[in-house]
Amino acid sequence: MTSNIRWADDQNNPAGGDAYWPIEPDSRYGGRWGTIQTTWSGTGKETIDLGWSITATVNAGGNPATANFGTSGDVRVRELAPRCDDILKSSAPGCVLPYFKPTYTVDTNLYPAAGAYYWLMQEKMPDHAGSVRWDSLLHYLGPDTKVTNPSTGKPWTSDNSRNKMCGNWTAHPSDAAVGSMDCDEYAMASTHESGGFPGGVNQVTNGDQCAQLFTDKMGDGSANFGLLADTRKAVDGPDGTERCDRAAIASTQNQQAFKSFPAPSWRMLDDDGFFVSNPGFEHCANANTTCAWRKVG
């Protein structure tokens with residue numbers, strides 16, 4: 001709720017209904033301050049526009065002139081428009097500036113295979129989803145989504161997207177040193193860019209239509225591991241046009257690399273944008289040559 005504007009002079013005396021200065025040759029003109037109070041009811045979700053624009057007109061001697069003193073920013077993106085909500089039941093009601101797009105940084109020291117996979121997909125996928133370099137956002141699948149599961153009528157969840165992407169998946173055989181493997185999909189099931197998200201830009205019928213990769217030892221006699229093409233579905237491997245990917249990644253890395261994603265503390269709601277940074281691989285020139293992991297910090 002927004003109040004009517006209150007105009008006052010430099011001594012906080014009411015200055016009438018507007019910021020008008022009369023002609024007073026024997027006195028200095030005082031300042032005029034306009035105050036508007038905006039309050040939030042504390043229920044649901046509301047965007048509060050705190051932007052401003054100022055123009056002034058001088059009307060002296062019958063020859064008016066107008067000056068434009070600018071605005072708080074581009075009204076199309078509403079930089080000064082906090083969004084408040086009480087939808088996130090895990091935390092108290094609060095507000096954020098949704099124009100700001102946060103970046104989640106994967107700990108590529110602990111989870112190099114997952115980080116390599118995310119970085120490679122950001123480079124290879126046509127929309128480069130999540131890449132800071134390509135200025136391409138991922139969009140969070142939030143608790144307030146209006147997309148429903150036609151089978152249940154309930155809101156679509158990340159589990160629904162994951163089941164669509166990985167429900168028919170079996171791991172490619174790998175060296176025993178890799179350990180147990182999980183199906184790791186990109187873009188993540190918790191985003192609108194997931195191949196499993198209904199009506200999304202990368203929607204596919206099932207995960208077989210995605211690029212297929214797996215983790216294995218490099219086979220060069222070293223102890224190094226790498227991401228290799230799984231050619232069981234496409235004999236020539238991915239061609240770079242796939243809208244999604246699923247890869248066999250070590251279970252611990254798949255389950256932990258994105259576990260700390262702070263969606264509640266960032267007050268993320270449905271369709272909020274964010275980036276994913278993979279610092280151990282961002283020194284790599286491109287995705288067309290072999291590039292080694294680099295320890296960070």
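Modeller: The torsion about the S-S bond of C210 and C244 is about -90°, so this disulfide is left-handed. C210 belongs to the loop between β10 and β11, and C244 to the loop between β12 (225–229) and β13 (245–250), so the link ties together parts of the chain that are 34 residues apart in sequence. The sulfur atoms of C210 and C244 are 1.9 Å apart, where a disulfide is a pair of cysteine sulfur atoms within 2.5 Å. This is a predicted model, in which local features need pLDDT of at least 70 and side-chain atom pairs count only at pLDDT 80 or more, while totals for chains, interfaces and linings use all residues. Residues are numbered from 1 along each chain as its sequence is written, and side-chain values use heavy atoms, with hydrogens and water left out.

The strands and helices named here are DSSP runs, numbered from the N terminus: at least four residues of H or I for a helix, and at least two of E for a strand.

The peptide bond from Y186 to A187 is cis, with omega near 5°. Strands β10 and β13 are also among the elements that cover the buried residues of helix α2, where contact means heavy atoms within 4.5 Å. Helix α2 spans residues 158–166, and its buried residues are N160, S161, M165 and C166.

The structure holds four disulfides. When the bonded cysteines are numbered in sequence order, they pair as 1-2, 3-4, 5-6 and 7-8. One of the links joins C84 and C95, with sulfur atoms 2.0 Å apart. The C84 and C95 link is right-handed, with 100° about the S-S bond. It connects distant parts of the chain, C84 in strand β6 (residues 83–85) and C95 in strand β7 (residues 94–96), 11 residues apart. C84 is buried, at 4% relative accessibility, whereas C95 is partly exposed, with a relative accessible area of 43%.

Another link joins C284 and C291, whose sulfur atoms are 2.0 Å apart. Its torsion about the S-S bond is about -85°, so the disulfide of C284 and C291 is left-handed. C284 is buried at 7% relative accessibility, while C291 is partly exposed, with a relative accessible area of 28%.

H128 has a positive phi of about 50° although it is not a glycine. It is found in the loop between α1 (112–124) and β9 (138–139), and at 15% relative accessibility H128 counts as buried. D271, likewise not a glycine, has a positive phi of about 75°. The loop of D271 runs between α3 (251–256) and β14 (273–277), and D271 is partly exposed, with a relative accessible area of 43%.

The whole chain comes to three helices and 14 strands. Its C-alpha trace spans about 95 × 45 × 35 Å along the principal axes. The radius of gyration of the chain is 27 Å, whereas a compact globule of 297 residues would have one near 19 Å; this radius is taken over C-alpha atoms, and the globule rule is 2.2 Å times the number of residues to the power 0.38. Buried residues make up 38% of the 297 residues. Among contacts between residues at least 6 apart in sequence, 66% join residues at least 24 apart.

Definitions and conventions. Buried means under 20% relative accessible area, exposed over 50%, partly exposed in between (1.4 Å probe, protein chains only).
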